[in-house]
Amino acid sequence: MRFRERIERFMQGRNGPDALSRACSVASIVLLIAAVVTQSVGARVAGSILWYVALALIIACYWRMLSRNVTQRYRENVKYLNLRDRALGFFRREFRHAGQLRTHRFFRCPRCAQRVRTPRGKGKIRVTCPRCGSAFIRRS
Ligand SMILES: [Zn+2]
């Protein structure tokens with residue numbers, strides 16, 4: 001039997017690589033680089049801690065890929081994807097708002113904490129929250 005076929009047979013019924021294990025391996029590489037840098041600076045204890053965390057991540061990554069409990073691994077991956085997308089959405093929104101700061105101001109609705117965008121330089125304005133409908137006065 002060729003090597004490739006043996007690997008394929010071995011991986012049958014196992015989880016294999018998914019988004020979470022890819023993120024895990026990238027994180028472990030980053031941690032390994034951080035460990036090398038930290039130890040070269042002379043912080044030996046901190047470097048060893050980083051090294052062990054990276055090692056644990058690599059082990060967890062391979063354990064997940066070889067796991068036969070595909071349903072549970074799938075759930076973990078979905079959880080990770082949801083968290084990642086929420087974090088990405090947050091940063092995209094913040095970047096977009098930061099790009100609009102010259103022309104717009106952002107306020108929080110005092111009642112429901114919804115973020116409301118208004119044009120700048122219009123003096124005192126009455127802002128109506130698009131979510132809950134409550135109105136408040138702000139200087140734009
Ligand atoms: Zn509101």
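Helix H2 (residues 19-41) packs against helix H4 (residues 70-99) at an angle of about 65°, and their axes are 8 Å apart. That angle makes H2 roughly perpendicular to H4, a label given to angles of 65 to 115 degrees, with those under 35 counted as roughly parallel, those over 145 as roughly antiparallel and the rest as oblique. The model is predicted, so local features need pLDDT of at least 70 and side-chain atom pairs count only at pLDDT 80 or more, while totals for chains, interfaces and linings use all residues. Residues are numbered from 1 along each chain as its sequence is written, and side-chain values use heavy atoms, with hydrogens and water left out.

**Packing of H2 and H4**

- The axes are lines fitted to C-alpha atoms, for helices over the stretch in contact, and the angles run from 0 to 180 degrees between N-to-C directions.
- Ala19, Leu20 and Ala23 of H2 meet Glu76, Asn77, Tyr80 and Leu81 of H4, where contact means heavy atoms within 4.5 Å.
- By class, this contact of H2 with H4 has five nonpolar, one polar and one charged residues; Ala, Val, Leu, Ile, Met, Phe, Trp, Tyr, Cys and Pro count as nonpolar, Asp, Glu, Lys and Arg as charged, and the others, Gly among them, as polar.
- Asn77 lies in helix H4 and is buried, with a relative accessible area of 11%; buried means under 20%, exposed over 50% and partly exposed in between (1.4 Å probe, protein chains only).
- Not counting residues up to four places away in sequence, Asn77 touches Asp18, Ala19, Leu20 and Arg64.

**Domains**

- The protein is divided into domain 1 (3-99) and domain 2 (105-140), with bounds that come from an automatic or database domain assignment.
- The centres of the two domains, taken over C-alpha atoms, are separated by 41 Å.

**Strands E1 and E2**

- E1 and E2 run antiparallel and are joined by five bridges; two strands pair if DSSP finds at least two bridges between them.
- Helices (H or I, at least four residues) and strands (E, at least two) are DSSP runs, numbered from the N terminus.
- The hairpin of E1 and E2 has six residues between the strands, and Ala113 takes a positive phi near 70° there.

**Arg105**

- Arg105 is found in strand E1, stands opposite Thr118 in E2 and counts as partly exposed at 32% relative accessibility.
- Leaving out residues up to four places away in sequence, Arg105 touches Val116, Arg117, Thr118, Arg120, Arg139 and Ser140.
- Arg105 and Ile58 are 47 residues apart along the chain, and 45 Å separate their C-alpha atoms.

- Gln114 is placed in the loop between strand E1 (104-108) and strand E2 (115-119), and counts as partly exposed at 23% relative accessibility.
- Beyond its neighbours within four places in sequence, Gln114 is in contact with Phe107, Arg108, Cys109, Cys129 and Arg131.
- Gly121 lies in the loop between E2 and strand E3 (124-128) and is exposed, with a relative accessible area of 66%.
- The C-alpha atoms of Gly121 and Arg9 are separated by 67 Å, the two residues being 112 residues apart along the chain.
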